[in-house]
Amino acid sequence: MKLPDPAPLLADAPRVREVLDGAGWSAAALDELLGTTYRTHLDREESAPVLRRTAGGSPLEALARQLVLGVPASSELPASWLNRDGTAKVRLQPVVSGGVEVLVPHDAGRITDPQQVLGVGAASMTLAAATPRRTVGRTLDLGAGSGVQALLAEDHSASVVATDRNPRAASYARLAAALNGTELDCRVGNLLEPVAGERFDLVVSNPPFVISPGASYTYRDAGLAGDDVCRRLVQDLPGVLADDGVAVLLVNWLHLAGEDGDERVKGWVPPGCDAWVVQRELAAPQDYVTAWLRDTDEGERFDALYEAWMDGLDRMRVEAVAFGVVALRPGRGEVVLDEVDQAVAPTWGEEVLDHFARRDALAAGVLDRAWRLRADVRLHQVASHEDDGWYVESQLLQQSAGLRWSGGTDEHGAALLAGCDGTVPLRMLFSLLAVSAGIPDEDAVAQGLPVVQRLVEQGFLVP
Ligand SMILES: C[S@@+](CC[C@H](N)C(=O)[O-])C[C@H]1O[C@@H](n2cnc3c(N)ncnc32)[C@H](O)[C@@H]1O
């Protein structure tokens, strides 16, 4: 299938926006029309459910057929956007993250072409969810592809630079900006080359992080050995950060035989930089390779490609491949890795900034600070009924925001947390606890301090 050139579509983008608005196009309207699971049907190449729900011939149904499903229909779209058979040249995907809605243009179909520009997938949404949304000056989106991260960042940035090695991606990002009525500074080039010498307040990157042999697909493969592209980005991104800038990127890193995988990724962080590595997955090689081979349309080549890919990983003595989010900022050289297996909040970018603020507070001293219990924390108690009433058997602390950590506690821990209202220094709370438990102050501090430290690290307690 020949890929379309998105550049000639730019001139009519404002007209397309008018047509979409006139038909009542929005993420919510499409969900209502097509059903909230329509993207799952599309991913599975099941067109029947979407065809059935768009048989009425309304303007929105026609646009959904052309721009979401990719079948012919009759609509008000300008001729420059249409093929001769009445199908649209590109697809449009409405994306909502953190209450912000953007419209993302992308190539159609299964992935078969090295230069194909993809729509928004799970990894894109992982990065969007992890991006802090404070208002900033300059933002860089490295590896912008369709422009989704740049568009979302534009909502809270004075200006956004979107870079990509693939010129088709830069054309798509320009088209995305026009469709969304915004401006993006789209540049073509390798990694940080297009922004040499510049500084940014926020950097986001969903790079081609996949550890694969060769460079078959631009969206996936950087063409560097092993996890080198991720190492290079973790090492080099701090160099383009403003003094209080933050970078958030997705990375894969290798766990090799005889080597500590956690130390591998932590060792990439350059001196004078703080990092928070939030590990989300650890995949066995065969699961990693099959998942990425399923992402593209390899047909009968699947088995041969699997063999070659696994041979390459075996030669490197790969035991597992980790995936996660890395946040970086200029700092004291403190590097923290958390394994986060639990379901997290739909967006948790503020947690990145809060994490660094909590690390600063911990470094300044724990005992003399009046900590505060975070507002979303709840205490769940399980009690059994005894002769004289309810007996609490276990207590669980649970966050509903951020990374949604949970953990058990006891009556003393629960009492201490109840006292953390931001006015009483921790040292005094330990004294009160010592009195109620009948132990010396030093013992209360010795036993309680590591627990409080961890509660602060995980965000149950905040400065
Ligand atoms: C995984 S896609 C991310 C697309 C989009 N930012 C998102 O979040 O959905 C990676 C992007 O990086 C681009 N890319 C690949 N190699 C690159 C390189 N060496 N320098 C800059 N961009 C590159 C690809 O063309 C692709 O658009």
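This is a predicted model: local features need pLDDT of at least 70, side-chain atom pairs count only at pLDDT 80 or more; totals for chains, interfaces and linings use all residues.
1. Description of packing. Two packed helices are described by the angle between their axes and the distance between the axes. The points on helices below give both values for each pair.

2. Helices α1 and α8. Helix α1 spans residues 13–22 and helix α8 spans residues 167–179. Their axes are 8 Å apart, and the packing angle is about 50°. That angle makes α1 oblique to α8, since angles that are not roughly parallel (under 35 degrees), roughly perpendicular (65 to 115) or roughly antiparallel (over 145) count as oblique. The crossing of α1 and α8 is right-handed.

3. Residues between α1 and α8. On the α1 side the contact involves Ala13, Val16 and Arg17, and on the α8 side Leu175, Ala178 and Leu179. By class, 5 of these residues are nonpolar, none is polar and 1 is charged.

4. Helices α15 and α16. Helix α15 covers residues 426–437, and helix α16 covers residues 441–457. Their axes come within 9 Å of each other and cross at roughly 125°. The two helices are therefore oblique to each other. The crossing of α15 with α16 is right-handed.

5. Residues between α15 and α16. From α15, the contact uses Leu426, Phe430, Ser431 and Ala434. From α16, Asp441, Ala444, Val445, Gly448, Leu449 and Val452 take part. The contact has 7 nonpolar residues, 2 polar and 1 charged.

6. Helices α13 and α16. Helix α16 also packs with α13, which is formed by residues 349–363. The axes of α13 and α16 come within 9 Å and cross at roughly 155°. α13 and α16 are therefore roughly antiparallel to each other, as the cut-off for that term is an angle over 145 degrees.

7. Residues between α13 and α16. Arg358, Arg359 and Leu362 of α13 meet Gln453, Val456 and Glu457 of α16. Here the classes are 2 nonpolar, 1 polar and 3 charged.

8. Which ligand atom lies 2.8 Å from a backbone N or O atom of leucine 191? It is a nitrogen atom of the ligand. A backbone N or O atom of glycine 145 is 3.4 Å from an oxygen atom of the ligand. For asparagine 206 the side chain is involved: one of its N or O atoms is 2.9 Å from an oxygen atom of the ligand.

How values were computed: Residues are numbered from 1 along each chain as its sequence is written. Side-chain values use heavy atoms; hydrogens and water are left out. Axes are lines fitted to C-alpha atoms, for helices over the stretch in contact, and angles run from 0 to 180 degrees between N-to-C directions. Helices (H or I, at least four residues) and strands (E, at least two) are DSSP runs, numbered from the N terminus. A crossing is left-handed if the near helix is turned anticlockwise from the far one by less than a right angle, and right-handed if clockwise. Contact means heavy atoms within 4.5 Å. Ala, Val, Leu, Ile, Met, Phe, Trp, Tyr, Cys and Pro count as nonpolar, Asp, Glu, Lys and Arg as charged, and the others, Gly among them, as polar. A polar contact is a pair of N or O atoms within 3.5 Å; within protein, one must be able to donate a hydrogen and the other to accept it, and residues adjacent in sequence count only if both atoms are side-chain atoms.
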